[in-house]
Amino acid sequence: MIAAIFSGCFSASAADDREGQPIVYNSTRSAVERIMKRAVPRLQYDASMPADSLGAWREAMSEAMSRLMRHPDAPAAAPRKMAEARRDGYVIERWESFPLDENPVAYFVMRPDRADASRAAVLCIPGSGQTKELLAGERQGNFMLEGKPDSIVRRAAMGLHFVKRGLTAVVVDNPCFGEQSDEGVYDDITPSRFLLETGWSYLGLASWYDKVVLDWMKTQPDIDKNRIIVSGFSLGTEPMMALGLLDDSIYAFVYNDFLCRTRERALVLNARDKKGQRGYPNSIRHLIPCFLTEFDFPDIVAALSPRPVICTEGGLDRDFRLIEDAYMKAGAPEAFEWHHYAKFADQASRTDYDALPEGLSRDEFYRMVNVDGPNHYFKMEWVGPWLDRLLRSMAAE
């Protein structure tokens, strides 16, 4: 595909000026931006797609994600329980999984004393720099669950919020953070580089770590394997989306971040700063070669239809309309719910574009896509009522 893109990159037919002469790109940056513009995602959602084509499109999306994530073929070794502690209304357990033979990866299992009749469970994936201890309401660094939990119930403690509602909550670390850090140093850049050099990616590894835990959850007698919710905050939304395309048994999803088209974000963040340097879209931990030639984030969320999804931190209404169309065609318009940051809840306070203009700084981009960065946190005020409705729906099935 790249060869095909290069073959026409500088042709006069593709890029002529008003006098019919070829446009010359003097900088490599400009030339490769042009390559990126031509690499339109192969599987991007098309609103003109008939409803009876959705199934084949979803299958193609799943196949592409499987190819990109490159999960190992061999099954992982069985996890083992390492510690257990009693808390107010639930028991918390520390388990170790073995997604890679050389690397035991710990996670917490929070089992409520009085479980919801649905036997539903939630896999909780944290944001960048967050830990499973934070999400579980435990003291930072208390890996073995010794002593008392954290004395403060924090907004980020999504696992604690879920278990208090009667659901089994399973809480993981992201690679390179928390217990997976380099002796307390949070370096995800160098491991991402090594993974890319060997043909893998940070997201491929992270989603593999989480898939091993997800598969284990399905074996637990107190969990209904067909009623597992995956909840991702910020960075955690990426493995959440990957798992969503790879595993159609997942019941529902919590997408707690703003939703954007990452390809568009990369192309428009090219304003120059005072030193003449242009912006860059994101660090290499987000890089999966050829990902954006297949699909983008709104396409993935659309492909989760008709399964329930809640998005809690806005973005462009344009992208939510696209997803709503997929859910409408899937016959489940009520299964997709989305909210904006409070700052942009009023439609008059936010912007909407068919396409973002180029030449944006990072601050300009965030403003145009309706992001209120200081209020980026886990939105239990939206997730709680949504979850209550979801559990009622399960009970009626």
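A residue is called buried under 20% relative accessible area, exposed over 50% and partly exposed in between, with a 1.4 Å probe and protein chains only. The model shown is predicted: local features need pLDDT of at least 70, side-chain atom pairs count only at pLDDT 80 or more, and totals for chains, interfaces and linings use all residues. Residues are numbered from 1 along each chain as its sequence is written, and side-chain values use heavy atoms, with hydrogens and water left out.

**View 1. Ser 305 in its loop.** Ser 305 counts as buried because its relative accessibility is 2%. The loop that holds Ser 305 runs between helix H11 (297-303) and strand E8; helices (H or I, at least four residues) and strands (E, at least two) are DSSP runs, numbered from the N terminus. Apart from neighbours within four places in sequence, Ser 305 is in contact (heavy atoms within 4.5 Å) with Arg 58, Ala 326, Tyr 327 and Ala 330. Ser 201 lies 104 residues from Ser 305 along the chain, and 26 Å separate their C-alpha atoms.

**View 2. The open sheet.** The sheet is open and mixed in its pairing, with 9 strands in the order E1-E2-E3-E5-E4-E6-E7-E8-E9. E1 and E9 each have a single partner strand, so one side of each of these edge strands is left without a neighbour in the sheet. Direction ignored, neighbouring strands are turned against each other by 15° on average. Two strands pair if DSSP finds at least two bridges between them.

**View 3. The hairpin of E1 and E2.** Strand E1 (residues 77-87) is antiparallel to strand E2 (residues 90-100), and the two pair over 8 bridges. Opposite Ala 85 stands Ile 92 in E2. The hairpin has 2 residues between its strands, and Gly 89 in the turn has a positive phi of about 90°.

**View 4. E4, E6 and the helices on the sheet.** Strand E4 (residues 121-125) and E6 are parallel and pair over 5 bridges. Ile 125 has Gly 232 in E6 as its bridge partner. Helix H8 (residues 237-246) packs on the sheet and touches E4, E6 and E7, its direction making about 155° with that of E7. H14 also packs on the sheet, where it touches E6, E7, E8 and E9, and its direction makes about 175° with that of E7. Axes are lines fitted to C-alpha atoms, for helices over the stretch in contact, and angles run from 0 to 180 degrees between N-to-C directions.

**View 5. Helix H14 and its cover.** The 17 residues of H14 (residues 380-396) reach 24 Å from first C-alpha to last, close to the expected 24 Å, a span defined as 1.5 Å times one less than the number of residues. Among the buried residues of H14 are Met 380, Val 383, Trp 386, Leu 387, Leu 390 and Met 394. Their cover includes helix H5 (158-163), as well as strands E6 (228-233), E7 (252-256), E8 (309-311) and E9 (336-338).

**View 6. The contact of H7 with H8.** The axes of helix H7 (residues 202-217) and H8 come within 9 Å and cross at roughly 65°. On the H7 side the contact involves Leu 203, Ser 207, Asp 210, Lys 211 and Leu 214, and on the H8 side Glu 238, Pro 239, Ala 242 and Leu 243.

**View 7. Cysteine 311.** With a relative accessible area of 1%, Cys 311 is buried. Taking a disulfide as a pair of cysteine sulfur atoms within 2.5 Å, the count comes to 0 disulfides.
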